[in-house]
There are 2 protein chains.
Amino acid sequence: MFSPRAIGIAHTPYTQTKEIPKGLGAKHDAEGVFEILPEFEAGLTDIEGFSHLFVLWVFDRSEGFELFGTVPIDGQPHGVFSTRSPRRPNPIGLTVVELLRREAGRLHVRGVDMLDGTPILDLKPYLSSIPPEKLRRGWIAEAETRAKK
Amino acid sequence: MFSPRAIGIAHTPYTQTKEIPKGLGAKHDAEGVFEILPEFEAGLTDIEGFSHLFVLWVFDRSEGFELFGTVPIDGQPHGVFSTRSPRRPNPIGLTVVELLRREAGRLHVRGVDMLDGTPILDLKPYLSSIPPEKLRRGWIAEAETRAKK
């Protein structure tokens, strides 16, 4: 295995977990800045050509994990790998953000959903999408249907 | 920071890196099995309702990293965060797979692009896609255009 290290820090509007939009229909259009450490800045070369990025980050204010637990969306228990719960065996978060612009080592992005000061592990280009008609969203879709009734 | 631990192992058709389809137009429709360790199996509850999953895994046979390097697709140098190179500061791979079926702790999936025996770190449901018309794919799109000429 490897030893995770931060390549940078996320600056976001959220200082507490409860401020982050959650649940059905939650919109993530908050803007933020990913400040990449100077020693990793060369790794950003050409990144401005991509409209969207995957960002991998650390749930650094989450402790321990739970294999089976209830989530706010529907109050039902689900397996942790069927949810985006922060309490995971490896506390890694994954978010797709829109890249608005780059200023040297600072990436201005839209769609942040992590706390201010979150350590960033990796950035990758988002290259293709699964066609919506091929996507099944399991218990999330069921919870949405129940919520509409 | 945290200490990464494997939640399972990927069984794939690839025993050497050179066997994995790469480059423009590479198709990843190979099938494989994610064998989740018994102590994490409860975390899979409800996962069979999702058609696609994000899988986070470790480039465990890659050493060191390179911030700026050439990739096979176009032979041009690009920053590591603009590529899917295995030689990253945090050697974490990310793949979207189609979930074909679950047999207890074994997930049969399509779209594997990691070596046989790769340690799996996390699974997350794939919930939504970026509409193709909103996606810009930077140097990848440019390399494709050049390749067609």
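1. Helices (H or I, at least four residues) and strands (E, at least two) are DSSP runs, numbered from the N terminus. Asp46(B) sits in the loop that joins strand 2 (31-36) to strand 3 (52-58) of chain B.

2. This is a predicted model, in which local features need pLDDT of at least 70, side-chain atom pairs count only at pLDDT 80 or more, and totals for chains, interfaces and linings use all residues. Residues are numbered from 1 along each chain as its sequence is written, while chains are lettered from A and ligands numbered from 1 in the order in which they are written.

3. Asp46(B) counts as buried because it has 20 C-beta neighbours inside 10 Å (buried: 20 or more other C-beta atoms within 10 Å of its own, placed from the backbone; exposed: 12 or fewer; partly exposed: in between).

4. Contact here means C-beta atoms, placed from the backbone, within 7 Å.

5. The contact draws 51 residues from chain A and 51 residues from chain B. On the side of chain A that touches chain B, strand 8 of chain A gives the largest share, 5 residues.

6. Chain A superposes on chain B by a rotation of 180° with 0.0 Å of shift along the axis, at an RMSD of 0.0 Å (least squares on the C-alpha atoms of residues with pLDDT of at least 70 in both copies). The two copies are therefore related as by a two-fold rotation axis. Ser129(A) is the residue of chain A that comes closest to this axis, its C-alpha at 2.6 Å.

How values were computed:
Contact = placed C-beta atoms within 7 Å.
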